[in-house]
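Please read the following note with the sequence and the model side by side. The points are numbered so that each can be checked in turn.

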Amino acid sequence: MGVPEDLIEAWNAHDPQRVANFYTEDGVREEFIVTHARLQGRAAIAAQVQMYLQAMPDLALSLRKASIGEGMVTLEWMVNATHSGDAEGWPAKGEAVAFPGVSVLDLSENDLISEERVYTDFTGLLAGAGLIPGVEAPTW
């Protein structure tokens, strides 16, 4: 396996520290989503992953496509989960959620993530939660 598959496997194992270990010690994960979190270091990244897993304990991440270049990887992914735990600004209602996203990973010389930029369509998240009438949740 390579970085894309191993990273997805770590998320699906629901192991925040294992996910964080894919980053350099001072690695950065910047989330261009509603929270626009900028996390630096493995501890901060693990804490954010833990928050997502508490909010969506059955989170399943699937990989649609990985594009690998010199020193970088781009991932297209999909989350399917049940929002059964509270997250900051997003109280739990028990709804099913499905949303696509893209992660752009810059890799260090030893194939650890030095920086990740995460983009997701919040409309997809709201549609997946049934909060936008008439909009279907995304599927692959």
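1. F99 counts as buried, at 10% relative accessibility, and W77 counts as buried too, at 9%; here buried means under 20% relative accessible area, exposed means over 50%, and partly exposed lies in between, with a 1.4 Å probe and protein chains only. This is a predicted model, in which local features need pLDDT of at least 70 and side-chain atom pairs count only at pLDDT 80 or more, whereas totals for chains, interfaces and linings use all residues. Residues are numbered from 1 along each chain as its sequence is written, and side-chain values use heavy atoms, with hydrogens and water left out.

2. Rings of Phe, Tyr and Trp (for Trp, the six-membered ring) are paired if their centres lie within 6.5 Å, and planes under 30 degrees apart count as stacked, over 60 as edge-to-face and the rest as tilted. By this rule there are two aromatic pairs. In one of them, the ring centres of F32 and Y119 are 5.0 Å apart with the planes at 10°, so this pair is stacked. F32 belongs to strand β1 (residues 23-32) and Y119 to strand β6 (residues 113-120), so that the pair links distant parts of the chain, 87 residues apart; strands (E, at least two residues) and helices (H or I, at least four) are DSSP runs numbered from the N terminus. F32 is partly exposed, with a relative accessible area of 30%, and Y119 is partly exposed as well, at 37%.

3. The rings of W77 and F99 have centres 6.2 Å apart and planes at 80°, which makes the pair edge-to-face. Because W77 lies in strand β4 (residues 72-83) and F99 in strand β5 (residues 95-107), this pair ties together parts that are 22 residues apart in sequence.

4. S108 sits in the loop between β5 and β6, and with a relative accessible area of 19% it is buried. Leaving aside residues up to four places away in sequence, S108 touches T24 and S114, where contact means heavy atoms within 4.5 Å. The C-alpha atoms of S108 and G71 are separated by 6.8 Å, although these residues are 37 apart along the chain.

5. For the protein chain as a whole, there are four helices and six strands, which follow one another in the pattern α-α-β-β-α-β-β-β-β-α. Of its 140 residues, 43% count as buried, and the C-alpha trace spans about 45 × 25 × 25 Å along its principal axes.
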